Amino acid sequence: MKVIESKETKLDRSNKTDGYNNDEEEEVDLLTRFMRSKIDLDFPSDHEKRKFYRDIVINFILAGRDTTASALTWFFWLVSGHPHCHKKIYDEISPIMNQYHNALGYEDLKKFNYLQAALSESMRLFPPVPMNSRVALSDDTLPDGTLVRKGWMADYSAYAMGRMEKVWGEDCREFKPERWLDEKGEYRPFDQFKYPVFHCAPRICLGKDIAYVQMKMVAATLIYGFEIVAEDGGGMPEGMGRPPYGVSLVMKMKGGLRVKVKKRER
């Protein structure tokens, strides 16, 4: 709350001078941008307004940091257990990384079809948020005829859905990035209701695209620069039945991911 009050003071000073204070470096963080764009919202008190901003910050942290870290943890665990996938990713990113000397741009990341397929496949098996809940605001009927009364909890598990044969086929428990590629080898997303990792329809995650950008940037940089091997062998097919997860709001790996890292020589 002290940080929010400090930013409020700077914004008030800036507004009084009819612009930014040239004597101070301009703030460009997300919270400040949000406070500038929403500064005219009607709140019953300054305390309520600060609580609103605090909740926004907490959402930034929970939705944009822990979930991305969880997704990357499982990604590297699975790739370590599937060396052929690791090689395909390295072969895909190397020409572009060599050309731009690690200085990747947004358009470069779009070319990493297999990498995005591997990230999507890892989140299918280990979604950062394994379960989600909603409360019915009024009586409703689901498409299959199930009645839901006002006040009832409606839960769904993206983790369970990713392992259902009737949704993904007999190989649903296998790590196969190729299922996300078309005949030309280009990334092909699945229906959001089949793959609700980022939620669906009006409630779809607003940070979905930036999350992919962040994960592809981190994964490409690390795989290109280092050989990363999980100490437990990674997510090998024979170990997929009992993954080392701990369920909470975010699906974390028990004890974290212990790896051996070796810098690549060129």
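1. Nonpolar core. In this predicted model, the largest nonpolar core holds 46 residues. Phe75, Ile89 and Phe126 have the most contacts inside it. Two or more residues come from each of helix H3 (46-81), helix H4 (83-100), H6, H9 and strand E5 (226-230). H3 gives the most to this core, namely 8 residues.

2. Phe126 and the second core. With neighbours within four places in sequence left aside, Phe126 is in contact with Trp74, Trp77, Leu78, Tyr159, Arg163, Met240, Pro243 and Met251. There is also a second, separate core of 5 residues, and Ile4, Leu11, Leu31 and Tyr53 are among them.

3. Helix H6. How many of the 13 residues of H6 are buried? The count is 13 of 13, so the helix is mostly covered by the buried criterion of under 20% relative accessible area. Its length is also in order: H6 covers residues 113-125, and at 1.5 Å a residue these 13 residues should span 18 Å. The end C-alpha atoms of H6 are 19 Å apart, which agrees.

4. Helix H9. The 18 residues of H9 should span 26 Å at 1.5 Å a residue, and the end C-alpha atoms of H9 are 26 Å apart, in agreement. Which residues of H9 are buried? They are Ala211, Tyr212, Met215, Lys216, Ala219, Ala220, Ile223, Tyr224 and Gly225. A lysine, Lys216, is included in that list. As background to such a pattern, an α-helix has 3.6 residues a turn, so residues three or four places apart point the same way.

5. Aromatic pairs. The structure contains 13 aromatic pairs. One of them joins Trp180 and Phe190: the ring centres are 4.8 Å apart and the planes lie at 85 degrees, so the pair is edge-to-face, the class for angles over 60 degrees. Trp180 and Phe190 are 10 residues apart, and both are in the loop between helix H8 (165-168) and helix H9 (208-225). Are the two partners buried or exposed? Trp180 has 1% relative accessibility and so counts as buried, while Phe190 is partly exposed at 22%.

6. Aromatic cluster and charges over rings. Trp180 and Phe190 belong to one aromatic cluster together with Trp168, Tyr187 and Tyr195. The Trp168 ring also has a charge over it: the charged end of Lys194 sits there, 4.6 Å from the ring centre. Elsewhere, Arg264 places its charged end over the ring of Tyr90, 4.2 Å from the centre of that ring.

7. Cysteines. How many disulfides does a search of the whole structure find? It finds 0. For reference, a disulfide is a covalent bond between the sulfur atoms of two cysteines. Cys85 has a relative accessible area of 0% and is therefore buried. Cys200, at 16% relative accessibility, also counts as buried, because the cut-off is under 20%.

8. Backbone in the loop between H8 and H9. Most residues other than glycine have a negative phi. Two residues of this loop call for a look on that account. His199, found in the loop between H8 and H9, has a positive phi near 70 degrees. Ala201, found in the loop between H8 and H9, has a positive phi of about 50 degrees although it is not a glycine. Ala201 counts as partly exposed, with 36% relative accessibility.

Note on methods. Residues numbered from 1 in each chain as written. Predicted model: local features only at pLDDT ≥ 70, side-chain atom pairs only at ≥ 80, totals over all residues. Heavy atoms only, no water. Helix = DSSP H or I, 4+ residues; strand = E, 2+ residues; numbered from the N terminus. Expected span 1.5 Å × (residues − 1). Buried < 20%, exposed > 50% of the residue type's maximum accessible area, 1.4 Å probe, protein only. Phe/Tyr/Trp six-rings, centres within 6.5 Å; stacked < 30°, edge-to-face > 60°. Lys NZ or Arg CZ within 6 Å of the ring centre and 35° of its normal. Core = buried A, V, L, I, M, F, W, Y, C linked by side-chain atoms within 4.5 Å. Contact = heavy atoms within 4.5 Å. Disulfide = S-S within 2.5 Å.
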